[in-house]
Structures are given as C-alpha cells and as structure tokens.
Amino acid sequence: MRALSWAYLIAMLGFILLPVAMLVIFSFQDGRLPVPPLKGVTLEWYGKVLSDRALMEALVNSLLVAFVSALTALVLGFLAASGLARVVLPGSAWMRGALIAPMTVSYLIVALGLLQMFGQVGIRPSLLATGIGHVVINLPLCFAITYAAIGEHQRSALKAARDLGAREFQVLWFVAAPMLAPALAAAFFLAFTFSWDEFIIAFLLTRFDVTLPVEIWSMLRSGLSPATNAVGSLVFLVSLVILVALELTLFRKGAK
Amino acid sequence: MSIERREKWQGAALVAPALLWTLVFFAVPFAGMALMSLAHLDGREIVQGFDLGNYLKIFTEPALRRGISVSLEITALVTVLSVLLAWPLAWIIATVVPARWRRLVLLLAVLPFWTSYVVRSYSWALVLGEKGVVMNALVGIGLLAEPVQIMATRAATVIGFVHFFVMLLTLTIYSNLVQLSPNYARAAQDLGASRWQVIWHVILPLTLPGVMTGAFLTFVLCIGDYITPQILGGNNELSLPQLIMLQLGRRGDYPMASALSVVLMAIVTLAYVASARWLKMERM
C-alpha cells in the first residue's frame, strides 16, 4: 500500500503540475509556437510582453481595482462584523444571511445584474463599475472571516475598552483592528487575489480600461503564443512571491 | 437613551453600510434581473412585461434545453471525478507523507491554484492541443497512431475543471483529515479492523461533511463558470453560462440572458436544498 500511495501521489502531482510546467517552459521558446519541441531558450517574449503598453496598462488597472475593492470590502466587512458581534439586534441572523448571500451566486449572475442596472441608471462600463462588482463578491468573504475571528476573548476586550470610556471609533481602531490583525490581513489578501484574478465581472463591466485577465483573454483569440505563456508565467511568479511572503510572515506567526 | 438602546443603535450603524452595499449592488440588480427575465425582445427593443415566454422557450427549444443538460452532465461528472481523485490524494498527504514534507507536498499539490484562472485554462489548451505534450507522448510511445482531437471537446472541459477542483477538494478534505483525532483509527485497529476497514468504515464517514461541503462548492463554481468551457470546450456544445454570454453578445437579448441566469440560480438553490443537511458551511 505504501508503494501504491507514493505512485498515486507522484502521478497526481504530475497531473496537477503539468500545465503550469508547460506554461513556464515554453514561455522561453525560441520560436513562434509554445509546443514541443523546445527549439531554444530566449527571453524575447518576456521583453515583448513587458514593453506591451496595453498589457502594462491592464496590469496597473488590475492592481488598482484589486487594492481599492479589497480595502473597501474589508472596511465594510470589518464594521459589519464588529457591529453584529457587539449586540444582538432584532434580525441579526437574517442580516448575517443577507451579507453572506452573494457568495452563493455565480459571478456571471452578479455581473449580469449590475450590467443591466448600470445600463438603466447610465453608469458606463468602467473600472469603477468593475470595482463595485468586486466589492459585492468580496464583502461576504471579508465579513465571514472577520466575524469568525471575533471570539469570547475579543468580545470582552472590546467591552472593557468601552466601559473604560473609549469612543466607538477608538475601540475599533485601537482595540478591535490590532486584535483582529491576522484575520483582517488574511481577508484583505484573499479579497485582493480574487479581484486580481476575476474575469467575468471585469469582462462585462469594462470597455476600454480593461483589467489584466480581460487583456489576457483577448490575447487568447490570436491562438497559442509564447507571449501569452510569458504573461501567464509572470502572473504566476507575482502570486508566488505574495504567497511566500504570506507564508513567511502571517501564517508562520499564526502557527506558533 | 438607555445604554442598551445606544448600544443597539451603534451596532446597527456599524452594520448599515455593508447591508446597504449588498442591498443596492446585489439585491436590487438581482430583482431587476428577475423582472427582466419576464420581459421579451421585439426586434432590438426590450419590451417590459409579465410573460413566461422566455422560460417556456428554455424548456422547449432544443438548443437552450440542451444547454441545461450539457451543464448538468459536465458538472456532475466533474464533481464525482474530483472527489474520487482528491480524497486519496488528501489522505496520502495527511498520513503517508512524513510530517516534515507534508507542508511542501501540500503546497505543490495546490501550486497551480495561484496562477490566473484564464491562464490555467490556456495552459491546458497548450497541453491538450494536437501538437501538445500529451499527444506527442502518446504518439511517441506508440499508444496512438496519430493525434486525436481532445481540444474543443467535452473531454477537454472536464479535464480542465477536474484539475482545478481536485486542488480545491484536496485542500478541504486535507484540513478535515488533520482535524480528526487519531484515536478513532487506533480504537478501530485495536478492535481488529484491517487498514482498509479503518479507512472505509471509520475515516471516510468522518470526513463526509467536509467532502459534501467541497462537492457542493465544486458544483456551484463549476456550473456557473464560463471560462473553462469557452477556452477548452469550444463552441461545439454550449454550457449554460456560454448560452448566457451568447444571448448578451449576439443580439443583446437581456431578457433571455436573465431568464437563463434565473434557471442557473434555481439549479444551484436546488442543489443546496438537496445537500443542506450534510453541509457544514460554518466550517469553511
């Protein structure tokens, strides 16, 4: 059974890592098609991609939307979680349900609903429209993570701060936020990643100032190209750097 | 004002912005979409109204009805395959792999999770294409006389999906497995159970809530995804999300796109109701 287990593990890792390996390897292809055989190694495609203005603009747009929408979702989610953790309001359970609800709906439906509504009230497809959509999908996540992190211990600390005369914003800023910092950071990075990688909402709600996934999508129309491999590898590299940074800072601390 | 009432007001004030956002940018558009599904298209004009014509069409017009069955078939197959492949993988990582390698192996097993979703589908197009590495290998070792077409078929869509969801399920099942106390397995072994019996009768049932939650998540994400079927499956058969996008693009048929979305939503809701008693959403 041991040998069988290892064989299965290796086979599955092969299956899981194969496409990414091919993506990265053939981004160095010295030729026009990113398929075997590897004709030689060149950095030409990376140079091409990094000097592509449309791509770089899309990259900046993506970073901007991801940062602003993740931060907005985090603030809204954090406030709502501290409010609901603080007092039992009439309809608390109902409110929690309403805040989580968008999580169960496919992004396509969120996008379509917003597209129609924005069309009727005259908001043009734009980065702002996309950002609003990304807050909708990330708010439930930020709320759920923050809410789950507020336990009995946190509750009594917040109550103590209030009893000692702290104002509400002081309680939130000086007590709640530092105490919940790991959860808040995790929520922010998850929301950032989801927004950064989100395609369908950005596709339907932008027109000229597109985000990176949408720009990559339009690259796909011209078929297989090592340039697309190079973009994909770069995106992968950025995610890996973030992942390693998180692993070394946040999660390591959390594990102790 | 009493302290208690002031507390309530402050609590409500903190929740209000998030609720307002969800109401304005989620509930209202959603209601608008439901309303839109009851309108119809006259030429290029959208005529508001209250008619169920779109829904009637969805269940009678073969092209549209086919979309529902295509989506259901693909999603069911992907969900089952992903669970079957992910469970042993999660179990092996949690029990067979030595503790100090565990984190590294787990990281490797979900590494492609961190590539962009669009790029991941594209990489499968690279691998599965006629000149891709899989065909090269199969022809090279003589298993196939000449390349077979996988791209632009359902098989490609399923492979792309399974790849993604195996990673997702491995994570959820793994976290479930490591939370189990080793005492259950020990007790069963002391009572004379073989290793297979321990897995089958003790560990597997204990991970069922995690498996069901992961499977539900797989179902929901899979049936609503446009990217994978579009890039890998092509246009030979259209899934529900592809049909929705087609309505939007070709003639701006918002009413029909909305009706299809409501159907998609209904399917997800049904799946939730059917599996609700096994789900442990709060664990996620």
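Tutor: Let us begin with a term: a residue is buried when its relative accessible area is under 20%, exposed when it is over 50%, and partly exposed in between (1.4 Å probe, protein chains only). By that rule A:Cys142 counts as buried, because its relative accessibility is 0%. B:Cys222, at 3%, counts as buried too. Taking a disulfide as a pair of cysteine sulfur atoms within 2.5 Å, the count over all chains is 0.

Two notes on reading the model. It is predicted, so local features need pLDDT of at least 70 and side-chain atom pairs count only at pLDDT 80 or more, while totals for chains, interfaces and linings use all residues. Residues are numbered from 1 along each chain as its sequence is written, chains are lettered from A in the order in which they are written, and side-chain values use heavy atoms, leaving out hydrogens and water.

Now for the setting. Chain A has 12 helices and 0 strands, where helices (H or I, at least four residues) and strands (E, at least two) are DSSP runs numbered from the N terminus. Of its 256 residues, 51% are buried, and its C-alpha trace spans about 70 × 60 × 35 Å along the principal axes.

The part I have picked is the place where chain A meets chain B. Counting a contact as heavy atoms within 4.5 Å, 78 residues of chain A touch 80 residues of chain B. The two chains bury about 7,000 Å² between them, 81% of it on carbon and sulfur atoms; buried area is the accessible area (1.4 Å probe) lost on putting two parts together, summed over both.

What holds charges together here? A salt bridge is a side-chain nitrogen of Lys or Arg within 4 Å of a carboxyl oxygen of Asp or Glu. Between chain A and chain B there is 1 such bridge, and it pairs B:Glu7 with A:Arg86 at 3.0 Å, N to O. On chain A's side of this meeting place, helix H1 (residues 2–25) gives the most, with 15 residues. That side divides into 57 nonpolar, 15 polar and 6 charged residues; Ala, Val, Leu, Ile, Met, Phe, Trp, Tyr, Cys and Pro count as nonpolar, Asp, Glu, Lys and Arg as charged, and the others, Gly among them, as polar.

A:Arg86 also has a partner in its own chain: A:Glu168 meets its side chain in a salt bridge of 2.7 Å, N to O. This pair links distant parts of chain A, with A:Glu168 in helix H8 (residues 168–179) and A:Arg86 in helix H3 (residues 53–86), 82 residues apart. A:Glu168 is buried, because its relative accessible area is 16%, and A:Arg86 is buried at 15%. A:Glu168 forms a further salt bridge with A:Arg162, at 3.2 Å, N to O. A:Arg162 is buried as well, with a relative accessible area of 18%.
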